[in-house]
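Subject: Handover of a structure and notes on it

Dear colleague,

Please find the structure below, followed by an account of what was found in it.

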Amino acid sequence: MKSLILKTQILFFVLGFTYVLAQKNAKLPQDAVFYMEINGKQLNKKINWDKFNPILKEINKKENRQFSWNDYSKTGIKYDVPQYHYAVINDSVQSYTTHVTLDNTLKFQEFINSVKKNGLEVSQKSNYSYVDVEDNIFVAWNDKKAVLKFIGYHKKEKNIWNDEDAADSASVVVDSAVTATDSAYAEAEKPFNYKEEIEYLKNDIKYLKESIKENNAEILKLQKDIKYLEKHHKYPEEKKKTADTNYKNGEAEIVPPLSQEDYYEEDVFEIDSVSQKRMDSISIAKFKIVKKFAEDDFDQYFSSNLELEVDKNMLSFKDANSDAFVYADYEKIVYDLIYGNMPKSFGFINTLGKLSRSSSAYNLYFDQDKVRIVNNHQNKNTELRKSISDVYKGKRNKKLASLINDKSVGYYMMNLNGYKYFDLMYDLMQNSGDEEYQKEIKLVMETLKIVLDEEAIAKIAPGNGIFVLNELKTKNVEYTDYTYDEEYNEKEVKKTKDIVVPDFTFAFATENEKYWNRIFNVITNNKDLAKNITKDGDFYVFKDEKNSNGYIDQLFFTVKDGIVFFTTSKNTLNPQNQSDISKKWMKDSVKYPLSGRLDIQKLMMGLDKEFKTVSERKMLDAVRKNIGELYFKTEVKNDSIQTEMNYNIKNSSENSLMYFFDLFDELYKISEEEKPSQSL
């Protein structure tokens, strides 16, 4: 007997273990163009829900949503574990999916009931429940996980570039089954099930009732607005809203019936018109399609072990310490959807398309005093990737870096290899265009290499350059405006206003000063151009006397010590006082192929003349008070082009994540104070 019990236990154990192994990981769709992973363990500690909750409630109130939820930190979702997001885009279907972990299923169901439309029932499946929150938003859950899905569908349009038309990718609704021929969704036709058909028809009725109620309510509102405007020539003053203690969430809103007399003017419309029926039938058909897609995905996910499997190549640049990780496949987003649909005869399009056959990985960090983003961009073609990396390995130039100073608004500096641009150009042209003419293309490339003296061209501009925005000044200019009398006769009026003018310096290195001096001498001796260009010592001066109201009064250019300068002020070329921080900027600008900074606060101070109204001024003051400084640097690292961008915050927020919520909250309150009433 004991032996029989032991054998039975072993059998159950083996069967149970076999069942667990049979449940495979849920795989990320192959056509996913976007993937994001949220580090909930770190990010949850940085969110101040006491500040976050009022913002969310105010947004819901502004959007006239009937539901309310007091504490969004308690929705049944476990926030201190990873969340997964991904997007799929193909020829006719676009979807965005979110996977979250639950710690309280009953609380989550309560939250879902508060956001879904009244009257919509939760559908029960064998291993999960789901409901359509909106026509294209679906939520499914079991006791451990929940999946939120946004799905958009549009019928595939004819490709005008191709002679052969591909079949419509999704959308044949036959009886109870939605047969989708989309590349991402294909399923064998199921036998007719009358019970399932009844459920579909019941859902159609609910959908139509909800749609009619919403449309009728909106029509009534617009008709009231028209009649009020005809009588009073303005909108009514907004009344302070008071809480309706008698209102119950479960009660359906009763909409008064429409009559023919309610319509504006004498236009006669048939309420239940053929056109309306057709639009409703199209909406129902679309709803059935997206619902079928959602059900198929839910079935597949909840039949797995609920673990999402992601291609390791997509995670190669992921930092476990980042607050969020994002992967974007630009080949699928840009090349497949745009360049891939272009005619093959457009060779130049294919050449540019090669650059888009790439991917980018982003690690996001919400530090205490700054937001940090590290981006690794990588082309999928090994040879092209090497050519791009070689361009970023240029010589350094300290003379250009000396133009950086503390008082400047910002700068952008590059140290690239101009000679390697030619190799990159040849690699892009390789195998581009029609395959039939590859021999001719190769011959053209060889001819270009012979004709172009690459080394000589590279000496004219080796690849080192800098742009410095020194400051923003104001200038009073005269302009012409027009007024009209009672008989609409036009009258010209001269007025003045202050405009913002930039004080900047653009400079780049050269190994051939004589070439640039010859260009400048030719310009000054040309009878047409010489009218606006004069020589002042070592400087050439461009000044357009006829256009004194422009943004640039005069422009100086010269060649000196292997540098070509273009500047609005000669004084900026003199040695500047530099603090420790500006010396650090100088070192970074010499060290990295690309680098730059922008003091957005100084930029906003220079633009204050462009903001006229009271609300605009308030907005500007709020932004200017809180706005920070942007800094970035780019280098070749880990077989990719890595760019690190830092945004330093300038306010008292507890961290850089809450900085954005605090700023948004302040700007939102200002916008609401100034906004006039526009509804009855």
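Val131 is buried, with a relative accessible area of 0%. Here, buried means under 20% relative accessible area, exposed means over 50%, and partly exposed lies in between, with a 1.4 Å probe and protein chains only.

Before going further, please note that this is a predicted model, in which local features need pLDDT of at least 70 and side-chain atom pairs count only at pLDDT 80 or more, while totals for chains, interfaces and linings use all residues. Residues are numbered from 1 along each chain as its sequence is written, and side-chain values use heavy atoms, with hydrogens and water left out.

**The chain as a whole**

The protein chain has 18 helices and 24 strands. Helices (H or I, at least four residues) and strands (E, at least two) are DSSP runs, numbered from the N terminus. Of the 680 residues in the protein chain, 39% count as buried. Contact means heavy atoms within 4.5 Å. Among contacts in the protein chain with a separation of 6 or more, 69% are between residues 24 or more positions apart.

**Val131 and the strands around it**

Val131 belongs to strand β6. Which residues are in contact with Val131, leaving aside its neighbours within four places in sequence? They are Ile112, Lys116, Leu120, Glu121, Val122, Ile137, Phe138, Val139 and Trp141. The C-alpha atoms of Val131 and Glu121 are 6.9 Å apart, and the two residues are 10 residues apart in sequence.

Strand β6 covers residues 129-134 and is mostly covered, as five of its six residues are buried. Two strands pair if DSSP finds at least two bridges between them. Strand β5 (residues 123-124) pairs with β6 in the antiparallel sense over two bridges.

The hairpin formed by β6 and β7 has two residues between the strands.

Strand β7 is mostly covered as well: five of its five residues are buried. Ile137, Val139 and Trp141 point one way from β7, Phe138 and Ala140 point the other way, and all are buried. How many bridges link β7 with strand β8 (residues 145-153)? The two strands pair in the antiparallel sense over five bridges. Trp141 stands opposite Ala146 in β8, and three residues lie between β7 and β8 in their hairpin.

**Two packed helices**

Two packed helices are described by the angle between their axes and the distance between the axes. Helix α9 (residues 382-391) packs with helix α11 (residues 420-429) at an angle of about 160°, and their axes are 8 Å apart. This makes α9 roughly antiparallel to α11. The axes are lines fitted to C-alpha atoms, for helices over the stretch in contact, and the angles run from 0 to 180 degrees between N-to-C directions. Angles under 35 degrees count as roughly parallel, over 145 as roughly antiparallel, 65 to 115 as roughly perpendicular and the rest as oblique.

On the α9 side, Glu383, Leu384, Ser387, Ile388, Asp390 and Val391 meet Lys420, Tyr421, Asp423, Leu424, Asp427 and Leu428 in α11. By class, this contact of α9 with α11 has six nonpolar, one polar and five charged residues. Ala, Val, Leu, Ile, Met, Phe, Trp, Tyr, Cys and Pro count as nonpolar, Asp, Glu, Lys and Arg as charged, and the others, Gly among them, as polar.

**Leu657**

Leu657 is placed in helix α18 (residues 656-674). Leu657 is buried, with a relative accessible area of 10%. Not counting residues up to four places away in sequence, Leu657 touches Leu43, Lys46, Ile47 and Phe366. Leu657 and Gln368 are 289 residues apart along the chain, and their C-alpha atoms are separated by 8.5 Å.

**Two residues with positive phi**

Most residues other than glycine have a negative phi. Leu306 is not a glycine, yet has a positive phi of about 70°. Leu306 lies in the loop between α6 (274-302) and β11 (308-309), and is buried, with a relative accessible area of 12%. Asn638, also a residue other than glycine, has a positive phi near 55°. Asn638 is found in the loop between β23 (629-637) and β24 (640-648). Is Asn638 buried or exposed? Asn638 is exposed, with a relative accessible area of 52%.

Yours sincerely
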